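Work through the exercises below with the structure open beside you. Try each task before you read its solution.

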Amino acid sequence: MPKESSGLSLDGQGLPLWLSLELTYRCPLKCTWCNNPLNFDDYAQSELTTDEWKRVLREARELGTLQLGFTGGEPLLRDDLEELVAYADELGLYTNLITSGIGLTDERMGALKKAGLKHVQLSLQSMRQPLTDELVGAKAHALKLEAARIIKAHDFPMVLNMPVFRQNIADVDAMIAWAADLGIEYMELANIQYYNWALLNRDELMPSLEQVREIEALVNRWREKLGDTMTIYFVIPDYYEGRPKACMNGWGAIHLTVAPDGVAMPCQEARVIPGLEFESVRDKSLAWLWHESPLFRKYRGLDWLPEPCSSCSEKDKDFGGCRCQAFLLTGNATNTDPACSKSPQHHLVTEAVRSVAQPIRFRKPLIMRTPRAVSTAFMD
Amino acid sequence: MDTAISIDNVCPRLAPHYVFRWEASQDAYILLYPEGLIKLNPSAGEILKRCNGERSVSDIIAELQAAFPGKDAEIAEGAHAFVTVARGKGWLRV
């Protein structure tokens, strides 16, 4: 998911310092805020092989990559995860596992530790078993708590990631208390961002401005109380403050994502933008994809920026915001991100926030991330 | 000068789970940790290289002064400042 809070503000000197490998879109969960493509099920047959992933890792290291995230889908569903972690670690990459915790056994955690894994990010949605299980569409709560225990037992540094939305926002306080008790060093309260499944379900998932402000105050109280023992990442989401996020630290600036089928992208959502040419590591070298491909050059740097961005004093800070969001909300990926108050289409965002606060409105059911929950056949 | 005295006597070491190493492609020492990375400037790299939990800050300063002669005051001041900042950021523990 595009990160607003990776704590990263550095000049990559044109190198893909940060690599995300989406090993698979297969997942035992059905989260309604998932950022995977709506047609995720179509990728199951075209996943890269172990040798192909190793070539990606090798080429990325040669290009200057330092940080590596194994993500998905659920990366634990790949039987070769340990082998890929070991290979990446040998190359000198800092390996992060981003997991739902489902499928994480004591044995597997030990094998991953031995392979050189450095860090685990675990997602947890609430502190109440019936709520978590309802939200993710599976009996997952108990497994997630057990996964947290296993991760700590193996002495991994751990980021506990709580995706925050209206249905679980009341659990933030209890979750922080639980995490502090368990000795978790980092907690990320990730306000969900509206792409793919989350965008389909946006009207139901989006909290009100008041709720977001309450959480901000709560987080500040906890930060004061916990001091250095835990770092809590939380930023007010872009929909509420009129400032766009510096999405991915700029398009093709430091982030490189490889999808299960080998397509290289500047972010995990880029495939929602029509008219771009998506090419795979199966056909092209990573160096060419990063440095030369039309996709990565399309919005790299600041020269392409439209007005009001190109004459804006903050363009070095936010790079015009998120291209995917600009497309999804305005129909044109080259527009200023409408999350910006200076965008002529900013009303699209403010109206969305206002509409969820109406006391009486039609409440839609949540669309679970399952094959055939939606048809994408006519979207082209 | 209480803080300077107390810092001189502590033996800082890299926080667990942080990886510190030379990175040729950056021509610099780097620090890698969950969800982040820092490119260190040359003096920070020289200090951090010596933070093994056994050398005190004054040992480290003495070593650096021997290795880079003629900048004694600058080195002492820089090392104090760096250790304070690095502790605050959670890179170093004592």
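**Exercise 1: Neighbours of a strand**

In chain A, strand 2, helix 2 (residues 81-91) and strand 3 form a right-handed β-α-β unit, where helices (H or I, at least four residues) and strands (E, at least two) are DSSP runs numbered from the N terminus, and right-handed means that, with the strands pointing away from the viewer, the path from the first strand over the helix to the second runs clockwise. This is a predicted model in which local features need pLDDT of at least 70, side-chain atom pairs count only at pLDDT 80 or more, and totals for chains, interfaces and linings use all residues. Residues are numbered from 1 along each chain as its sequence is written, chains are lettered from A and ligands numbered from 1 in the order in which they are written, and side-chain values use heavy atoms, with hydrogens and water left out.

Task: Describe how strand 3 of chain A pairs with strand 2 and with strand 4 of chain A.

Solution. Begin with strand 2 (residues 67-71) of chain A, which pairs with strand 3 in the parallel sense over four bridges; two strands pair if DSSP finds at least two bridges between them. Within this pairing, Gly69(A) stands opposite Asn96(A). Next, turn to strand 4 (residues 119-123) of chain A, which runs parallel to strand 3 and is joined to it by four bridges, with Leu122(A) as the bridge partner of Thr99(A). Finally, follow the chain: strand 3, helix 3 (residues 106-115) and strand 4 of chain A make a right-handed β-α-β unit.

**Exercise 2: Buried residues**

Task: Determine how many residues of strand 3 (residues 94-99) of chain A are buried, and which residues of helix 3 (residues 57-67) of chain B are buried.

Solution. Buried means under 20% relative accessible area (1.4 Å probe, protein chains only). By this test, five of the six residues of strand 3 of chain A are buried. In helix 3 of chain B, the buried residues are Val57(B), Ile60(B), Ile61(B) and Leu64(B). Seen down the axis of that helix, its buried residues fall within an arc of 100°, so they line one face of helix 3 of chain B; the arc is that of the directions from the helix axis to the C-beta atoms.

**Exercise 3: The two chains together**

Task: State how much area chain A and chain B bury between them.

Solution. The two chains bury about 1,700 Å², 53% of it on carbon and sulfur atoms; buried area is the accessible area (1.4 Å probe) that two parts lose on being put together, summed over both. In chain A, Leu66(A), Tyr94(A) and Tyr186(A) lose the most area to chain B, together 29% of what that side buries.

How values were computed:
Buried < 20%, exposed > 50% of the residue type's maximum accessible area, 1.4 Å probe, protein only.
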